Amino acid sequence: MAGGVAVFDYDNDGLLDIFFTNGAELPSLDKSNPTFSNRLFHNNGDGTFTDVTSKAGLAGIGYSMGVAAADYDNDGFVDLYVTGVNHNQLFHNNGDGTFTDVTSKSGATGVIPGIGKAWSVTAGWFDYNNDGLLDLLVVNYLNYDLKTAASCSTHKIATYCSPDDFQGLPNILYRNNGNGTFTDVSDTSHIGLYVGKGMGVAFADYDGDGFIDIFVSNDTFPNLLLHNNGDGTFTDEATTAGTAYNEMGKTVAGMGTDFRDLDNDGRPDIFHTAMFGDTFPLYKNSGDGQFEDATNAAGLTPPTARITGWGTGGYDFDNDGLKDLFTANGAILDNSMEVEHRPFALPNSLFRNLGNLTFADVSATAGLSFVTPAPHRGAAFGDFNNDGKVDIAVTILNGPPELLMNRTENHNHWIILKLVGVKDNRDGLGTKVKITTTLGSQYNEATTAVGYNSSSDKRVHFGLGSAASVDRIELSWPTGLKQTLTNVKADQVLTITESAGDHKVN
């Protein structure tokens with residue numbers, strides 16, 4: 001299950017760097033030697049990367065799982081929260097290429113009151129109360145102890161036990177106090193009321209009420225759609241909204257997820273990966289607080305029923321103005337061929353958006369990674385060389401990761417928006433963006449919580465097709481400020497600093 005990856009610019013040189021989580025020795029769960037260290041690679045800007053883990057102080061402790069990147073203290077430098085088995089860590093970016101472990105001081109330890117240390121799979125940053133400070137949601141998995149867990153077998157062959165054999169855990173919500181510390185508000189927010197077996201988390205304001213909501217994909221357990229009530233509390237609406245189960249009324253092995261508008265109607269939809277035989281659910285936002293399972297209508301049932309997916313993301317990889325879907329694939333069991341008569345290693349998948357929320361499997365022509373099997377896990381998205389094309393970093397169990405550089409050849413235009421909050425959080429996470437060109441309108445939201453175990457570039461990317469300029473960029477910042485830019489040229493990384501009113505950009 002391990003293999004998180006974060007794509008972020010830790011030194012503010014304008015180039016995306018890469019952080020990988022790594023596991024530990026078993027059964028001690030200790031990083032007993034450097035082969036288990038988490039890793040930070042600096043982007044040199046020439047297509048190469050340098051391992052700067054030691055200097056940065058990011059080797060970590062324990063069995064690490066996931067990572068969430070964001071500037072939680074608004075000092076202009078992106079920080080990291082690393083989840084794991086019994087050990088979570090918050091690393092503060094000091095701004096000089098080094099990080100400091102501030103977990104104990106911050107209070108964001110990942111310990112559940114009354115339960116203790118937890119198995120945290122992933123986490124995500126968002127501003128749930130619109131106070132300009134990023135809060136932290138920690139997603140927990142199973143109440144599991146490696147030392148006491150029973151062994152399981154299938155046909156007398158040793159396997160990992162099913163998650164059905166264990167109790168789930170509540171998730172944790174930490175409110176940012178603005179002074180480097182966090183308060184566990186899981187009880188008062190009602191987040192702690194909802195037990196799950198969480199694997200993926202993503203954020204979006206699905207009903208347009210101005211408050212960011214939460215989707216958690218659960219493993220063989222109903223998903224959570226946590227509606228933000230705007231008063232500091234959340235209510236799980238997954239069952240009534242239609243996102244708890246698939247269209248057959250069954251739970252699936254939910255893994256990575258993305259919460260993003262895939263059909264350009266201004267309403268964020270939900271997609272998440274699952275395991276062989278499940279299909280990967282796509283929930284279309286109907287606009288009335290309801291979602292409909294559009295998996296089959298989208299053409300995703302046949303290709304996803306035959307694979308197991310982990311990381312995922314909805315991005316416009318060919319810059320045609322429609323967000324496509326990527327999934328990082330690999331079976332669960334390393335002895336799956338022996339146990340299930342199915343391969344452990346699987347190639348990744350790419351589904352091209354054809355419009356009207358329909359997709360075509362174009363994996364066969366997408367590149368080597370899409371035809372070469374491997375046990376893929378986490379995936380993070382961003383433009384590593386600032387050429388306007390979204391690239392992908394993918395982890396592989398017990399092997400070197402893949403850096404998938406987007407080599408799509410066409411004449412489509414693009415724009416990438418780097419948001420700088422002033423009253424809002426410095427990263428601008430949660431900002432809703434609408435762009436309008438001669439070809440119509442598109443919608444997106446600033447977020448780093450994408451996929452499985454991973455964290456993607458905070459910048460907001462749009463493919464523009466044949467449009468050589470953007471007529472209007474409309475931003476709705478989390479605290480409510482509205483900002484509009486007009487006449488913006490395409491094919492650039494544009495920094496937008498939060499300010500009220502209309503602005504003309506040449």
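This briefing covers the salt bridges and the disulfide in this structure. The model is predicted. It holds twelve salt bridges. A search of the whole structure also finds one disulfide. Side chains of opposite charge can pair when their charged atoms come close.

- Asp-51 forms a salt bridge with Arg-39. Their closest N and O atoms are 3.0 Å apart.
- Asp-51 is partly exposed, at 35% relative accessibility.
- Arg-39 is also partly exposed, with a relative accessible area of 25%.

**Loop to loop: Lys-458 and Asp-427**

- The side chains of Lys-458 and Asp-427 meet in a salt bridge, at 2.8 Å from N to O.
- This pair links distant parts of the chain, 31 residues apart.
- Lys-458 sits in the loop between strand S34 (440–445) and strand S35 (460–465).
- Asp-427 sits in the loop between strand S32 (413–420) and strand S33 (432–437).
- Lys-458 is partly exposed, with a relative accessible area of 23%, whereas Asp-427 is buried, at 2%.
- Asp-427 counts as buried because its relative accessible area of 2% falls under the 20% cut-off.

**A network: Asp-263, Asp-265, Arg-267 and Lys-284**

- Salt bridges link Asp-263, Asp-265, Arg-267 and Lys-284 in a network.
- One of the pairs is Arg-267 with Asp-265, whose closest N and O atoms are 3.1 Å apart.
- Arg-267 is partly exposed, with a relative accessible area of 29%.
- Asp-265 counts as partly exposed too, at 24% relative accessibility.

**The disulfide: Cys-152 and Cys-161**

- Cys-152 and Cys-161 form a disulfide. Their sulfur atoms are 2.0 Å apart.
- The torsion about the S-S bond is about 100°, so the disulfide of Cys-152 and Cys-161 is right-handed.
- Cys-152 is partly exposed, at 22% relative accessibility.
- Cys-161 is partly exposed as well, with a relative accessible area of 21%.

Terms used: Residues numbered from 1 in each chain as written. Predicted model: local features only at pLDDT ≥ 70, side-chain atom pairs only at ≥ 80, totals over all residues. Heavy atoms only, no water. Salt bridge = Lys/Arg side-chain N within 4 Å of Asp/Glu carboxyl O. Buried < 20%, exposed > 50% of the residue type's maximum accessible area, 1.4 Å probe, protein only. Helix = DSSP H or I, 4+ residues; strand = E, 2+ residues; numbered from the N terminus. Disulfide = S-S within 2.5 Å.
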